[in-house]
Every structure is written in C-alpha cells, then in structure tokens.
Amino acid sequence: MRITAIISLHQVSYTYDKLAETSILSSLSLQAHSGEFASIIGASGSGKSTLFKLMAGLLQPSLGEIRLHGKPAPNRLGKIAYMPQKDLLLPWRTILGNCQLPLELTCSNPHYTTIQIMELLERFGLAGYEQAYPDELSGGMRQRAAFLRTLVTGQELLLLDEPFGALDAMTKRGMHKWLLELWSDLGKTVLFITHDLEEAILLSDRIYLLPSAANEAQGMQEIVVPLPRPRHYEQNYEPDFIKLRQDLERRLHAQTSN
Ligand SMILES: Nc1ncnc2c1ncn2[C@@H]1O[C@H](COP(=O)(O)OP(=O)(O)OP(=O)(O)O)[C@@H](O)[C@H]1O
Ligand SMILES: [Mg+2]
C-alpha cells in the first residue's frame with residue numbers, strides 16, 4: 001500500500017509577472033513522505049526559494065495544486081514550518097524572545113512551553129545566550145536559533161532554505177552532524193534547499209534537481225541516495241559517494257550549460 005505524502009505538488013506552475021510569457025516554475029511535481037529528508041538543488045534563480053514560498057502558502061500556484069496529506073490545501077499558511085533563506089531573527093528581541101514568537105502567534109494550544117524552549121536552547125548549544133541579542137551571536141549560533149524557532153512551531157514538515165549557506169566548512173560540518181542526530185531523534189520531515197552537493201548527498205534520502213529557466217521542459221529530476229544511515233563525513237571519500245557526486249555535478253552542469 002502506498003503511504004500518502006505529507007505534501008505533494010501536482011503540475012505546479014508559478015509566475016510573479018502574470019503578463020510574462022514564461023513561468024519561473026513550470027509543471028513541477030514532487031512529494032515528501034513522513035520522516036523523510038529530501039534536498040532541492042538547482043542553479044541560482046531556478047526558483048528554489050519560490051518553490052518553498054508556494055509550499056508554505058505565502059504564494060499560490062498559477063496552475064496546478066498543492067496537497068497536504070493527500071487533500072487540496074489552499075489554506076496551508078501556518079501548517080508548515082518554514083525557515084527562509086535569511087534567518088530573519090528579530091534584532092530587538094533576545095534569543096529566547098525570538099524562539100518564543102511561535103508561542104505568541106499560536107495563542108491556543110501552543111506546541112511548546114517556555115521551559116521546553118529553554119531545554120531546547122541547551123540542546124542547540126545556546127545555553128547562556130537566552131538573553132543575548134541576535135547580533136551578539138556567531139553565524140552558526142544564529143542559524144541554530146532560527147532553526148529552533150522553526151521547530152517550536154510544532155509542525156511535522158520543516159522547509160529549510162539554505163540554512164547553512166553562509167557558514168564556513170568546519171562550522172557547517174558540525175551543523176550537519178548535529179542536524180542528522182536531531183532529525184533522527186525528532187522524526188520530522190525535512191525539505192532542504194542547498195547549493196552544496198556534498199551536503200545534499202550526506203543529509204538526504206532523495207534529491208530533486210530543479211530545471212533552470214532554459215531547461216524547463218526537462219522537468220524536475222529525482223535522484224535517490226542509497227547510502228546507509230547513520231551517515232558520517234568519512235563517507236565523502238567512499239566510491240559510492242563520489243559516484244553520486246559526479247552524477248549530480250554532471251546533471252547540474254547539463255542544466256546550466258544550455
Ligand atoms: N518577489 C519577486 N518578484 C518578482 N520576481 C521574483 C521575486 N522573487 C524572486 N523573483 C524571481 O524569480 C526567480 C527565482 O527566484 P528564487 O529566489 O526562487 O530563486 P532561487 O533558486 O532560490 O535562487 P538562489 O539559489 O539564488 O537563492 C528569479 O529570477 C528572481 O529574480
Ligand atoms: Mg533562494
């Protein structure tokens with residue numbers, strides 16, 4: 001029996017400019033199943049962030065349909081946790097104050113209490129920074145705080161738009177280890193945008209490659225990552241990993257060189 005996807009996109013097209021002849025996204029279909037980690041890669045400007053805004057309900061498709069748990073979901077805003085490309089922490093609120101925001105926005109039946117947020121701050125390596133302001137934190141710490149705030153929404157599906165894009169290689173490595181452990185503990189479903197192919201392979205069960213505007217007709221490509229879990233960095237140097245990376249590089253190059 002096929003399990004219903006948490007989210008599914010059916011032939012979704014989108015254009016910001018209704019008068020434009022071509023769409024930013026054209027007839028795209030994809031899905032994510034419970035507990036899965038899937039990445040989305042593609043050239044800059046291919047529409048990855050737009051795709052997340054559509055999923056989160058900030059935008060509506062020009063054509064096609066988005067379903068949650070198999071049902072059409074035109075009112076999906078607030079039902080999916082979304083961490084935008086910029087961390088968007090409020091500079092005038094403390095780290096604790098920022099992480100409490102989802103509690104204030106969901107007055108009835110919030111998913112977390114302040115005590116639980118304090119516990120999570122410790123787990124996220126932010127103990128002692130509850131009363132600090134975002135500009136007093138390092139890049140990695142800010143990303144963890146923004147991620148914590150995304151988690152506190154209590155939603156099952158997390159959309160993370162290049163959460164580690166601005167971090168140096170070593171910090172990123174630490175964040176990968178941390179995210180993989182957290183993901184396996186929490187059982188959340190994650191969709192993750194990245195430009196970093198090694199990151200996509202290390203973290204994901206599946207990778208979607210978004211076509212560039214010039215290759216719209218090709219549609220979305222789906223690549224399964226069959227590497228065993230738990231994953232760790234040493235796998236980067238194993239033949240299966242290298243083969244996957246070469247395959248992704250070739251596909252991406254074919255997309256961007258036309
Ligand atoms: N609010 C907007 N109004 C008009 N056009 C927009 C808007 N936001 C994005 N675009 C355009 O839509 C296209 C896709 O943008 P998007 O931000 O989704 O790309 P992306 O794949 O996330 O790029 P990057 O990898 O650089 O983050 C780009 O051509 C961009 O200029
Ligand atoms: Mg983007």
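This is a predicted model: local features need pLDDT of at least 70, side-chain atom pairs count only at pLDDT 80 or more; totals for chains, interfaces and linings use all residues.
Residues are numbered from 1 along each chain as its sequence is written, chains are lettered from A and ligands numbered from 1 in the order in which they are written, and side-chain values use heavy atoms, with hydrogens and water left out.

**Stop 1: the whole chain**

Stay zoomed out for a moment. The C-alpha trace spans about 50 × 45 × 40 Å along its principal axes. For 258 residues, a compact globule would have a radius of gyration near 18 Å, and the chain agrees at 18 Å; this radius is taken over C-alpha atoms, and the globule rule is 2.2 Å times the number of residues to the power 0.38. Buried residues account for 51% of the 258, where buried means under 20% relative accessible area, exposed over 50%, and partly exposed in between (1.4 Å probe, protein chains only).

**Stop 2: the magnesium ion**

Next, select ligand 2. Which residues coordinate the magnesium ion? They are Ser49, through OG, and Gln85, through OE1, at 2.1 to 2.3 Å. Ser49 sits in helix H1 (residues 48–56) and Gln85 in the loop between strand E6 (81–83) and helix H2 (95–105), so the pair ties together parts that are 36 residues apart in sequence. Donors here are N, O and S atoms within 2.8 Å of the metal (3.2 Å for Na, K and Ca); water is not among the atoms, so sites may look incomplete. Ser49 is buried, at 18% relative accessible area, while Gln85 is partly exposed at 41%.

**Stop 3: helix H2**

Now pick H2. Is this helix mostly covered or mostly open? Nine of its eleven residues are buried, so it is mostly covered. Among the buried ones are Ile95, Cys99 and Leu103. Show helix H3 (114–123) and helix H4 (139–152) too, as they are included in what covers these residues; contact means heavy atoms within 4.5 Å.

**Stop 4: Asp247**

Finally, select Asp247 in helix H7 (residues 239–256). Asp247 counts as partly exposed, with 24% relative accessibility.

Notes:
Helices (H or I, at least four residues) and strands (E, at least two) are DSSP runs, numbered from the N terminus.
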